[in-house]
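Please keep the structure open beside them as you read.

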Amino acid sequence: MKKFLIAALAPWVLGSAAMPAYAADTRPPKAEAQKSYAARGEVVAVDKMGGKVTLKHEAVAELKWPAMTMFFAVADKAQLDALDVGDRVEFQFVKVNGRAPLITQIKPVK
Ligand SMILES: [Cu+2]
């Protein structure tokens, strides 16, 4: 339902951006905007106030990302309460244009 809503609104938002060309643009909006990716990693730092977590993540083949250490924003800050530095975690995230990827789900793997 959420995907549908975004798909339905995106052309309208773009069309209102003072660019007449968009009004006639019937191409579907980018589906990968809300595509979710799964990965594993290790917690390097947790920023509960800022709603961020730094992870040393494994390679994400689907995105051709090599293994690296980077930070992610977390949609639900409460999920950070269950994390400690050094925990192995499984997480899912979506890419956000121009911003840190957003984790939609993260949990320790025991
Ligand atoms: Cu990375």
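1. Two residues are in contact if their C-beta atoms, placed from the backbone, lie within 7 Å. With that in mind, if we take the contacts in the protein chain with a separation of 6 or more, residues 24 or more positions apart account for 43% of them.

2. Please remember throughout that this is a predicted model. The mean pLDDT of the protein chain is 83, and 70% of its residues reach 70 or more. Among the elements of the chain, S2 has the highest mean pLDDT, at 98, whereas helix H1, covering residues 2–15, has the lowest, at 52. Over residues 14–18 the pLDDT is below 50, and this stretch has four contacts in the model beyond near neighbours in sequence. Where pLDDT is low, the predicted coordinates should not be read in detail.

3. The protein chain contains two helices and five strands, and along the sequence these follow the pattern α-α-β-β-β-β-β. The five strands form a closed barrel in the order S1-S2-S3-S5-S4, with mixed pairing. On average, neighbouring strands of this sheet are turned by 50° against each other, if direction is ignored.

4. S1 and S2 run antiparallel and are joined by six bridges, and here Val 43 stands opposite Leu 55 in S2. S2 in turn pairs with S3, again in the antiparallel sense and over six bridges, with Leu 55 standing opposite Met 70 in S3. Between S3 and S5, however, the pairing is parallel and rests on two bridges; Val 74 stands opposite Ile 103 in S5. Strands of a sheet pair through backbone hydrogen bonds, either parallel or antiparallel.

5. Which elements give two or more residues to the largest nonpolar core? That core has 13 residues, and those with the most contacts inside it are Val 43, Val 53, Phe 72, Val 89, Phe 91, Ile 103 and Ile 106. The elements in question are the strands S1 (36–47), S2 (52–57), S3 (68–74), S4 (88–94) and S5 (102–108). In soluble globular proteins, nonpolar side chains tend to be buried together. Of the 110 residues of the protein chain, 15% count as buried.

6. Leaving aside residues up to four places away in sequence, Phe 91 touches Ala 39, Ile 103, Gln 105 and Ile 106. Of these partners, Ile 103 and Ile 106 are, like Phe 91, among the residues with the most contacts inside the core.

How values were computed
Residues numbered from 1 in each chain as written. Predicted model: local features only at pLDDT ≥ 70, side-chain atom pairs only at ≥ 80, totals over all residues. Core = buried A, V, L, I, M, F, W, Y, C linked by C-beta atoms within 7 Å. Buried ≥ 20, exposed ≤ 12 C-beta atoms within 10 Å, placed from the backbone. Helix = DSSP H or I, 4+ residues; strand = E, 2+ residues; numbered from the N terminus. Pairing = 2+ DSSP bridges. Axes fitted to C-alpha atoms, helices over the stretch in contact; angles between N-to-C directions. pLDDT = per-residue confidence, 0-100.
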